[in-house]
2 protein chains.
Amino acid sequence: MQIAILIFEGLTALDAVGPYEVLRSVPGWEVRFVASEAGAKRTDSGALALVADHSIDEADAPDVVLVPGGPGSRPLLEDERILDWLRAVDRGTRWTTSVCTGSLVLGAAGLLEGKRATSHWLQLERLREYGAEPTSERVVIDGKVITSAGVSSGIDMALQLVAREAGEEVAQGVQLAIEYDPEPPFDAGSPDKAPEQTVEMVRAVAATREQRP
Amino acid sequence: MQIAILIFEGLTALDAVGPYEVLRSVPGWEVRFVASEAGAKRTDSGALALVADHSIDEADAPDVVLVPGGPGSRPLLEDERILDWLRAVDRGTRWTTSVCTGSLVLGAAGLLEGKRATSHWLQLERLREYGAEPTSERVVIDGKVITSAGVSSGIDMALQLVAREAGEEVAQGVQLAIEYDPEPPFDAGSPDKAPEQTVEMVRAVAATREQRP
């Protein structure tokens, strides 16, 4: 199984690295980080860069494509080279997937038309602009398209993908190898569960960021 | 708050990127990736490199130091330059932390003597070699030393650290911002919970890797 993870300037690192760590743990599966041009891509915080070893031109037939999100995904919504590549590889993929606002990029490529899909909770409603039906679930599978919610959800999504492709035993082995037995210290990981003032605080911080030039 | 995350050839990416994503989300906190020499460090799968912007010489007084694990942490156990740096920065840190087999590196630096600590479940007993008391908990806090279990546990560890330093409201805000509401598809993330044959399978794969030159 060949997996292409698209990265770009301003991505959110965990969106990509969470599912990478799951998918690369399956014996025989090969993950490649691809970008418009090969090289180091600075993540949204500015503190870390991830290296894409390949340009998208070198990844024309992945079995799985994965688009992470982050503020840097916004310019991709109008990047015809990236959108053309996504449309082209989607014709041959077994799974076309996204984490966080990566789903908006799939939408901009026309790949979510009429499909149930999810995104980061702050951006969920924007899926309607692309003809998708926003769905408040952590992992949404509609046909061969799998979208997942904000940032950390890609780990859960990738485990589901492994279970479907390689079987539940392999998926459980990967889960154990990465010791994924989560113990979040609070029950505040979704807007339905977090205190209302926390939801408003995160909304306010995000709105401030949106207003930056 | 200044945070230094040590990276190196052959690290496990999620060990570092999970807690990074939490810590970098706290307003005013600054994360730096540091290494023996600045530059790109290839992770254990070979498919990804993370860039360290700074050498350890440029990070002589972090408030928090974090050591991830992975096969590449093994040479660090005898790397006196790294161990000296850890001993030196530990004198001034508020928190000295590790994920996965990063705890063995803290141990080799002499920082776990007489302390309760954890590591990846496959390597947990090795902590005794460094005078530590192996503890099967996901996050172990003993004084200012926080060790966490395998790979994905760094997310939980970092949220606990944020709660202690910046308060529970901030930690809940970060958890919501990264939508950390985990839904693992199986209850197989620890050796106590996974089916016995899964535990044996992961042990066998790890043993094969150990035997490689």
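In chain A, residues 24 or more positions apart make up 61% of the contacts with a separation of 6 or more. Keep in mind as you read that this is a predicted model.

Let us stay with chain A for a moment. Its secondary structure comprises six helices and 11 strands. The radius of gyration is 16 Å, close to the 17 Å that the globule rule gives for 213 residues, so chain A is as compact as a globular protein of that length. Along the principal axes, its C-alpha atoms fill a box of roughly 45 × 40 × 40 Å, and 56% of the 213 residues of chain A count as buried.

Now to the interface. Here 58 residues of chain A are in contact with 58 residues of chain B. On the side of chain A that touches chain B, helix 5 of chain A gives the most, with eight residues. The make-up of that side is set out below.

| Residue class, side of chain A touching chain B | Residues |
|---|---|
| Nonpolar | 34 residues |
| Polar | 13 residues |

Finally, a look inside chain B. Helix 4 (residues 153-166) and helix 5 (residues 168-177) of chain B pack at an angle of about 145°, and their axes are 7 Å apart. The residues of this contact divide into seven nonpolar, one polar and one charged. Among them are Leu159(B) and Val162(B) from helix 4, with Val170(B) and Val174(B) from helix 5.

Technical notes:
Residues are numbered from 1 along each chain as its sequence is written. Chains are lettered from A and ligands numbered from 1 in the order in which they are written. This is a predicted model: local features need pLDDT of at least 70, side-chain atom pairs count only at pLDDT 80 or more; totals for chains, interfaces and linings use all residues. Helices (H or I, at least four residues) and strands (E, at least two) are DSSP runs, numbered from the N terminus. The radius of gyration is taken over C-alpha atoms; the globule rule is 2.2 Å times the number of residues to the power 0.38. A residue is buried if 20 or more other C-beta atoms lie within 10 Å of its own, exposed if 12 or fewer, and partly exposed in between; C-beta atoms are placed from the backbone. Two residues are in contact if their C-beta atoms, placed from the backbone, lie within 7 Å. Axes are lines fitted to C-alpha atoms, for helices over the stretch in contact, and angles run from 0 to 180 degrees between N-to-C directions. Ala, Val, Leu, Ile, Met, Phe, Trp, Tyr, Cys and Pro count as nonpolar, Asp, Glu, Lys and Arg as charged, and the others, Gly among them, as polar.
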